[in-house]
Amino acid sequence: MYETHYHRAASVADAAAQMEKAEDGKYLSGGQTLIPTMKQRLAAPSDLIDLRHIADMKGISEEGGAVKIGAATSHNAVATSPVVQRLIPGLAALAGGIGDPAVRHMGTIGGSISNNDPAADYPSALIALGATVTTNQRSLSAEDFFTGMFDTALDEGEIVTSVSFPVPEKSAYSKYPNPASRYAMAGVFVAKGKDGAVKVAVTGAGQNGVFRVEEMESALSSNWSSDAVAGISVSADDLLSDIHGSAEYRANLVTVMAKRAVAAA
Amino acid sequence: MTTVSMTLNGKKVSANVEDRTLLVHYIREAQNLTGTHVGCDTSQCGACVVHVNGEAVKSCSMLAVQANGADVTTVEGLASGGELHPVQAAFREHHGLQCGFCTPGMIMTAVDMIRRHGANLDEKTIRHELEGNICRCTGYHNIVKAIKAAADQMAAMKTAAE
């Protein structure tokens, strides 16, 4: 790892001020992607500004038909939260399947979505549940937040402070993890909102990160069953193809994971 | 350089280290506790698992300075008064190791999973919970047996104490 300078932010404002002063700074949350990346010398920020101790950015609460999760809340805290388990069990199950137990104790929702790894689990939940991302500057929809592989709408120095998920009628997530890395080869989050709107979001498979499958959404709107999505396949054209699996293989996985998620919801 | 202080196995310790120092190197090299192992360079193997403020984390994927002020427990901190921790005793009893390199991480992960699941641990849960720990001798069978035995024994001890 190259040399770096660590700063523990006391507040969101303090973190933003520290970032202003840094030559080539990076925000550090759980660090479960950033620290391994720095170990490999694939990233070399001059300064690390730790957001994990900011009290305002932690915790889970029920607010007006939505579940609000502070950005510095760990995956384990989301997975084991009675509020999340009761209101959005699909989201609790997703958080409980990220990485492994040690990673879930450190990794945070804000860190995960800000990194927007194309194989990360959370982006699919944010899109399918129609979540709102709040930063230290504004609020924006999940659709506007995720802009491509490892890319988000965040401006320089902007900090995700919380994510708010409208409570759905039902939802579930199913993923096929890579047997070695445990990252999703394809993960599908299905949700039916209180207003009846259905959304299907896919992670792990797309070249440009998370995407929706509108054909599955309309099929499920009229018939919520595994059979409704069994005959629908996504085009392999924009899917990832690597040593772990071809685009065609991932396209097949998307249909299978969608069927399982619908059955589980 | 930053002075990093923490409570390590119940003892207050402090050392001046570079900000880029990983927690595992702080433990092994600044504090000379070599029970915590480095088994890979990719954050996958779990040989370095320690408890930070009571929760299992990979000490190779955390900077020492991130743990400044924390309460850290390593495998050396489990036994008390010359008595092995029930999980350590179960690993010995059930031969939950072959070469032993992954054992410190396996034990720290096991203690953490028993804390969270208690007596409800079944074989399937144990195997799922071990996802972040790799045994390169592939000796998982006895590791799983040892964890199950320790969970049962600790639950019985808890019941007896009540």
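This is a predicted model: local features need pLDDT of at least 70, side-chain atom pairs count only at pLDDT 80 or more; totals for chains, interfaces and linings use all residues.

Q: What makes R182(A) and E131(B) a salt bridge?
A: The closest N and O atoms of R182(A) and E131(B) are 2.9 Å apart. The criterion asks for a side-chain nitrogen of Lys or Arg within 4 Å of a carboxyl oxygen of Asp or Glu, so the pair qualifies. Across the interface of chain B and chain A, the rule finds two salt bridges. It also finds eleven residue pairs in polar contact there.

Q: Which elements of chain B supply at least two residues each to the side that touches chain A?
A: They are β4 (55-58), α3 (103-117) and α4 (123-129) of chain B. Of these, β4(B) gives the most, with four residues. By class, the residues on this side of chain B comprise eight nonpolar, eight polar and ten charged.

Q: How many residues of chain B and of chain A are in contact, and how do you know that they count as such?
A: Contact requires heavy atoms within 4.5 Å. By that criterion, 26 residues of chain B are in contact with 31 residues of chain A.

Q: What is the area that chain B and chain A bury between them?
A: The two chains bury about 2,200 Å², and 51% of this lies on carbon and sulfur atoms. R20(B), Q66(B) and E131(B) supply 27% of the area that chain B buries against chain A, more than any other three residues.

Q: Why is chain A called as compact as a globular protein of its length?
A: The radius of gyration of chain A is 18 Å, and the globule rule gives 18 Å for 265 residues; the two values are close, so the description applies. The secondary structure of this chain comprises twelve helices and 14 strands. Its C-alpha trace spans about 55 × 45 × 30 Å along the principal axes. Among the contacts in chain A with a separation of 6 or more, 58% involve residues 24 or more positions apart. Of the 265 residues of chain A, 57% count as buried.

Q: Is F150(A) called buried, partly exposed or exposed, and how do you know that?
A: Its relative accessible area is 45%. Buried means under 20% and exposed means over 50%, so F150(A) is partly exposed.

Q: Where is T138(B), and what makes its accessibility class clear?
A: T138(B) is in the loop between α4 and α5 (140-161) of chain B. Its relative accessibility is 58%, and exposed means over 50%, so T138(B) counts as exposed. T138(B) likewise has a positive phi of about 55° although it is not a glycine.

Q: How do you know that R86(A) and E62(A) meet in a salt bridge?
A: Their N to O distance is 3.4 Å. The limit is 4 Å, so the pair meets the criterion. The bridge links distant parts of the chain, with R86(A) in helix α4 (residues 82-87) and E62(A) in strand β4 (residues 60-63) of chain A, 24 residues apart. R86(A) counts as exposed at 54% relative accessibility, whereas E62(A) is partly exposed at 45%.

Q: What separates K148(B) and D152(B) along helix α5 of chain B?
A: They are four residues apart in that helix, which means a separation of about one helical turn. Their closest N and O atoms are 3.2 Å apart, and the limit is 4 Å, so K148(B) and D152(B) form a salt bridge. K148(B) is partly exposed at 30%, and D152(B) is partly exposed at 36%.

Q: Which residues of chain B are linked in a network of salt bridges?
A: The network links D112(B), R115(B), R116(B) and E129(B). Over all chains, a search of the whole structure finds 14 salt bridges.

How values were computed. Residues are numbered from 1 along each chain as its sequence is written. Chains are lettered from A and ligands numbered from 1 in the order in which they are written. Side-chain values use heavy atoms; hydrogens and water are left out. Buried area is the accessible area (1.4 Å probe) that two parts lose on being put together, summed over both. A polar contact is a pair of N or O atoms within 3.5 Å; within protein, one must be able to donate a hydrogen and the other to accept it, and residues adjacent in sequence count only if both atoms are side-chain atoms. Ala, Val, Leu, Ile, Met, Phe, Trp, Tyr, Cys and Pro count as nonpolar, Asp, Glu, Lys and Arg as charged, and the others, Gly among them, as polar. The radius of gyration is taken over C-alpha atoms; the globule rule is 2.2 Å times the number of residues to the power 0.38. Buried means under 20% relative accessible area, exposed over 50%, partly exposed in between (1.4 Å probe, protein chains only).
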